[in-house]
Every structure is written in C-alpha cells, then in structure tokens.
Amino acid sequence: MLIYLCEDSLEGVFSGIYKAFEEKRDKNDTALALQEEPLLFAEYQSVEPDADRTRRVMNTLLRRFGEEDALSLCLALSSEDPGKAQAVYGTVADGLRRNCRPGHLFDNLAESTVHKAFSLARAAGRELHHLQGFVRFEELEQKVLYGVIGPKHNLVTFLMPHFADRLPMEHFLLYDAVRDICGVHPAGAAWYLQKGSGERFALPGAGGTLRLSEEEKQYQTLFRHFCQAIAIRERYCPELQKKMLPLRYREYMTEWKKQS
Amino acid sequence: MMEYLALGGGQSLTEKLQILTDAAKYDVACTSSGVERKGNGRDMGNSIAAGICHSFSSDGRCISLLKILLTNECIYDCRYCQNRCSNDLPRATFTPEEVCTLTMEFYRRNYIEGLFLSSGILRDPTFTMELLYRTLWLLRNRYRFRGYVHVKAIPGAEPELIRRTGFLADRMSVNLELPTAAGLKALAPNKHRKSILTPMRQIQSGILANRNELALYRSAPHFVSGGQSTQVIVGATPESDWQILNVAESLYQKFDLKRVFYSAFVNVTGDKALPALPGGPPLLREHRLYQADWLLRFYGFRASELLDEERPYFNVLLDPKEDWAVRHLECFPVEVNRAPLEQLLRVPGIGVKSARRIVAARRSAALGFHDLKKIGVVLKRAVYFITCSGRLMYPVKLEEDAIVRGLTDGKDRVQFGSDGMTYRQLSLFDDGSFSRPVSALERQAGALGEL
Ligand code: SF4
C-alpha cells in the first residue's frame, strides 16, 4: 500500500490525486492521507502542493463530472474530517473507472467511499448555504464592510465569490476567526485571501483597532426592530427558531448581539 | 403625489419601520427562490435560484426579504385585517426613498435577499399601484438594485401600471384572501372575487407572452420571472380542507401559479363575525395543507386522491401521504429495486431527493435497507411499505391499525387505540375542530417538503 501524504488544503489533495494518476496507481493499493499513521505495510510519500497540477486536476473534474459535482468534491475538502482526502480520491477514481456522465459522480451511494465524500460535501454545502444568509457585515469607517464567521468548515473561499458577485463595488472583509483567514475584496477588483492576519482584522472588543462607522449603529437598531416586529406572537415557537437557526451561528449575528 | 410625500411628518424611520413591518407580518410568503440572476460587476445584488434565509424570527419563520407595507393607511374595511379603516391604530407611510435606502443598506449588510413590498389602499387602487411602481422604479433605476423584489399587484388598479411594475419585479402576487367568493363577501366587503382574479390572469398572460418574447430576443426585459403566488387565509371562514385544496389545485392548473401560501388565521381585530379561536391559530390545518400542497406540486398527487366530499378534512394523526398509503394498502409493498419513480414518490418516508437517488444508485447494484438509510430514506416510516429484493426489513403486518400505531409517535398513540378504537373510527372525528399542536420538528420537515 502506497500512501500519499498531502497538505491539508485543496491544492494539497488535488496535487496528491494528480500524482496518483500520473503514476498510474491501482486505487486498491493506494491511499491519500493528511497525516502519517502507524500503519503496517504502508509506505508513505509526501506530495508538495502545486498550483499548476491543481488547476489541471480541477479542469479534468469539471470536464468529466460537471460543475456541480466538481464543486461538491471541493466542498468535501473544506471539512475537518481526517478521511476527506481518501474519500475524494476514492470517489474520483471510481467515477473515472465507471466513465460516468457529468452530474452522476455520486450516483453510487451504496459504495462507502462515495457515500463518505457525498456526506462530507452535503454537510459543508449545508453550512455554506446557511452562511450565505447568516453572515452579517458591519460598516466600518470609510464604508468598508466587515463580517466575522466561525464555521465548522473552511468556507471563506466559497463565500467570497458569492459576496463578490453581489457586492461588486463594495470594499469588504470576511474574517474566519477560527482559522485566522481573511477574505479581502477591494471595490471593483478581484478578491484574495490573507492568512494569519490576527488582530489586524478585529474590532476593539476582540483586541483590534477597526472602528464602526457613524451610521452603523442606526441600521443595526433598525434591523433588530424589524426582526422583532415581523414575528407573530400567536405562533411563538423558539424551538423551531433554534432548529432553523442553530445557536452556534448567533454569536456572530447582529440581531443576536447585545446592543453595545 | 406631493401631498402624499408630505404626509409622513413627525415619525422617525424606526417608528415607521416598526409600524409597517408589524402591519405586513401576516403575509406569509417570504421566499426569494426561483430566480437565478448573476451580478453584473457594477450594480449591487444578484439572485440565487435556491433562495436564501437570512434569519428566523421567534415564531420560527424564515426572514428572507424586507417585508413591509408602503403604507398601512387603507380605505377598505376587511374584517380580518388590523389595517382596516375602522380600526384605531397608529398609521405610517414610507416615502419611496426611505424604502429604497432601507433595502440597499439592509442588503449591503447581508440582512436580506431583497424587498417584499405590499401596501394598504391609499386613496384608490390605481394611486396605490402608482406608488408601488414609482418605488420599484427608483429602486431599480436610481439605486440600481439587482436583488430580489416581490411586489403586490393591487386588484382594481390600472392594468398598464400592473404591467409596468411586473417588468421591475421578480415575483408578483395577488392575495386570494379567502378560499371562496362567499367567504370574501362576508369578510371583505370592498373586495370581489372577480377583481382579484383579473390581475392574476393578467400576470399569467404577461408571463407567458414574456416567455415567448425571451425565446426570440434573449435581451428582452424580464416580466415577473420568479412567477406568481397568492395567499389563502385558513380558518377565518368555514371552508373545509377539501375546498381549500381544490382551490389551490385549480390555481396551479388554471393560473400557472408558482406557489399558494396558506396562512392560519390569527384573530387580530376581535371582530364578532370571526371565529375566536381560543386554542390559537389553526396551525395543524395549515401544516397539513402545506404538506398536501407539496404532494400536488412534486409528488404527482391529485387533490381528489387526498380528500373528497365524504372526507373533507385532513387526518389529525397522519400526514396526507401516510394517510393515503394506509388507505391504499393494495398498492404496497413497493419493490425499491424495480419500482418506477412515480411509485417510489408515493411511499411515506421517501422524499423527492431520495427517490431520485434510489433510481440513480440501483443502476450500480441492488439496494438493501442499509443503503436506503444512507440515501436519506426515513426507514422508520417507509418499512411498512417497501421491500428490497423481495424482502421486508422485518416482518410487519400489512394491516391498517398496526401500521398507524407504528407511524404515530408515543404521545398520539395514547389517544388512539386506548379503548379499542380503530383507526377507521377515529378518522370520523377529523372534522376540522379536532386538533393537536404541531411540533417544531414537524413544522421544520413541512417547510422543506419532506414527506
Ligand atoms: S385592503 Fe383589506 S386586507 Fe388590505 S390592508 Fe386594506 S383592510 Fe387590510
């Protein structure tokens, strides 16, 4: 058994997949892992992440499996699950072997590798969809918008294109406080990621120096009033509210924060 | 127009927002789905076909749109409505600019997907429609908003105004309000069935004509591309579930509606002509109607299969699909590895997604019960109705009472079967007045159409 040891990132895993196919490995005798584990009879080989190889793998996935399924594979890799690299590799190998049509990569759900990748992608997709709605931007001085999230999956890369498409002429920052990664979108330009930015991307309350704009407070108050006024008292049901909007999102949301 | 703009003096924006949100909240539609529109790299906003919920209010309903009235002034006197002219309550009116600013600033902060603008009738229907049109025109052309917009068409307004507004909106709706003309007459003296159906028909033909136009000229402007919806109030008038479901079905078939929304009646005016509802709004009826509505739209059921004149109310204990299955045991069990999609869709516990996944997955290998679980089938409910390669999951009696006992949860089971009562006998008590609370879990599943 040969195990390719990949960096925990999309580039890392895709480069591993590239290597496995380049060397025409038999998938039953090959695996991808993020960490070395004391396995008997296993030989480990490290793979360097490589931008060019990543792009080539991505293109192949798009061409062979279609946009939706390729996105699902990427989403699966945003998970913190240690088995994600193997699940994605196994699914890709299975799809290529079956020569499946675009949009049918995950048909074979009875197969455990495929099911694993599918489950990871579904959980990540759910959180992504939640966050598309639950992210809250606050306006800083100079009209910069600033949002903080603390998700289970590494989703900033998926959220940035979404917000860049709808807010093209806004300067905005989207900061993942758990992973210390910040998406930066300058108005009218391409977005990029900054790692390890720490307190540079924090409000005074969190030990940083960013300052809210004059108007910000007013809109926060307006939105809080709106959320209260829209509820129908006769239908009061906080359990349902909690099911639809889990508690872990709330610490980052304007309408749940205590008014400062 | 100028005098109208001078009207709102004295109130702060916060006060207005509170009044006009409170006045809009009984309109249940808050979805932003059905329209896919990419950003253009310059203006603010796009639209995602799946729809996005931005928050949930304390009643558990999704907040997706800034749902407000332009004004809660109203010349009409609908007896169920808190904005009726004879009701004494604070009134407020937004200026179009205020609506636009709120929409833009809320949208930038990702509070909302867009705007849902409705209105009381200020002066007359055409005048009101003109105000709605002007507001949307400003929002689209001056503020250049590309997000989702849902607007009400006001019955009785100039058709040309409705048409022009339709080119600015993603969705339009005219509320049917009450399921029958008789109900409408009793509770909304200023409204007439015909004047409600006229703009509905107009929007329907507008959408159709636009579709043809778009097929010819790709760059033609879009007219109400997210489709048309309506709302029916449940429980203010004596119509049965069967009547309401039939109305919904014919709206889907004859008016091509995208959605019919059901709103459990809340007695806010205390009017003597209205039921007092001491047990709160009829949430179970509303819930069952939504479930049946999913069955009509996505599961291939017809209204007449679910209810009829003899059984005009939904079952209290079972959802409409379970109820149908229990009454049609001759159609079961269904063999999962062979049955066509339409048959799978009729099995309780198999939703639309799982049915599709089954069809895809069984191409590679015969499926067992364990695989079905992975696929997302709710086995707890499906076991009575399916076989995998000819085998039942475990021996179950294909017999009505036994199955119902298995399908209903512990709390309901006590009421059923305690003194030798059978399921058939119990069903006789489903007369719309017999009810039980709807659990949060059921409501959640109902919102997603999982049946
Ligand atoms: S028209 Fe009737 S339902 Fe609409 S706001 Fe006026 S009173 Fe209320």
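## A walk through chains A and B

Start by selecting Phe223(A): leaving aside its neighbours within four places in sequence, Phe223(A) is in contact (heavy atoms within 4.5 Å) with Arg136(A), Glu255(A), Phe106(B) and Tyr111(B). Before moving on, note that this is a predicted model, in which local features need pLDDT of at least 70 and side-chain atom pairs count only at pLDDT 80 or more, while totals for chains, interfaces and linings use all residues; side-chain values use heavy atoms, with hydrogens and water left out. Residues are numbered from 1 along each chain as its sequence is written, and chains are lettered from A and ligands numbered from 1 in the order in which they are written.

**Stop 1: around Phe223(A)**

Colour helix H6 (residues 216-229) of chain A, and you will find Phe223(A) in it. Helices here are DSSP runs of H or I with at least four residues, strands are runs of E with at least two, and both are numbered from the N terminus. Is Phe223(A) buried or exposed? At 0% relative accessibility, Phe223(A) counts as buried; the cut-offs are under 20% relative accessible area for buried, over 50% for exposed and partly exposed in between, with a 1.4 Å probe and protein chains only.

**Stop 2: chain A as a whole**

Zoom out to chain A, which has eight helices and eight strands. Its C-alpha atoms fill a box of roughly 60 × 45 × 35 Å along the principal axes. Of the 260 residues in chain A, 51% are buried. Among the chain A contacts with a separation of 6 or more, 64% are between residues 24 or more positions apart.

**Stop 3**

Not counting residues up to four places away in sequence, Phe106(B) touches Tyr219(A), Leu222(A), Phe223(A) and Phe226(A) in chain A, and Leu17(B), Leu66(B), Tyr111(B) and Ile112(B) in chain B. Phe106(B) and Leu372(B) touch the most other members of the largest nonpolar core, which has 195 residues. Helix H4 (residues 112-134) of chain A gives this core its largest share, nine residues. Next, select Leu140(A), Val144(A), Tyr146(A) and Leu210(A), which are among the eight residues of a second, separate core. A nonpolar core is a set of buried Ala, Val, Leu, Ile, Met, Phe, Trp, Tyr and Cys residues joined through side-chain atoms within 4.5 Å. In soluble globular proteins, nonpolar side chains tend to be buried together.

**Stop 4: the ligand**

Which residues surround the ligand? Show Cys74(B), Tyr76(B), Cys78(B), Cys81(B), Asn83(B), Arg84(B), Gly120(B), Ile121(B) and Lys191(B); each counts if one of its heavy atoms lies within 4 Å. By class, this shell has five nonpolar, two polar and two charged residues, where Ala, Val, Leu, Ile, Met, Phe, Trp, Tyr, Cys and Pro count as nonpolar, Asp, Glu, Lys and Arg as charged, and the others, Gly among them, as polar.

From Cys74(B), draw a line to Ala182(B): their C-alpha atoms are separated by 23 Å, and the two are 108 residues apart along the chain. Ala182(B) is in helix H6 (residues 181-187) of chain B, and at 56% relative accessibility it counts as exposed.

**Stop 5: Tyr26(B)**

Tyr26(B) sits in the loop between helix H2 (13-22) and strand S1 (55-56) of chain B. Beyond its sequence neighbours up to four places away, Tyr26(B) touches Ile232(A) and Glu234(A) from chain A, together with Gln82(B), Gln231(B), Ser263(B), Val266(B) and Val268(B). Tyr26(B) and Val266(B) are 240 residues apart in sequence, yet 8.3 Å apart in space, C-alpha to C-alpha.

**Stop 6: backbone details in chain B**

Most residues other than glycine have a negative phi, and most peptide bonds are trans. With that in mind, select Asp256(B), a non-glycine residue with a positive phi near 50°. Asp256(B) is in the loop between helix H8 (241-255) and strand S8 (259-264), and is partly exposed at 47% relative accessible area. Leu277(B) also has a positive phi, about 50°; it lies in the loop between S8 and helix H9 (283-298) and is partly exposed at 24%.

Finish at the peptide bond from Phe332(B) to Pro333(B), which is cis, with omega near 0°. Pro333(B) belongs to the loop between helix H11 (320-327) and strand S9 (334-335) of chain B.
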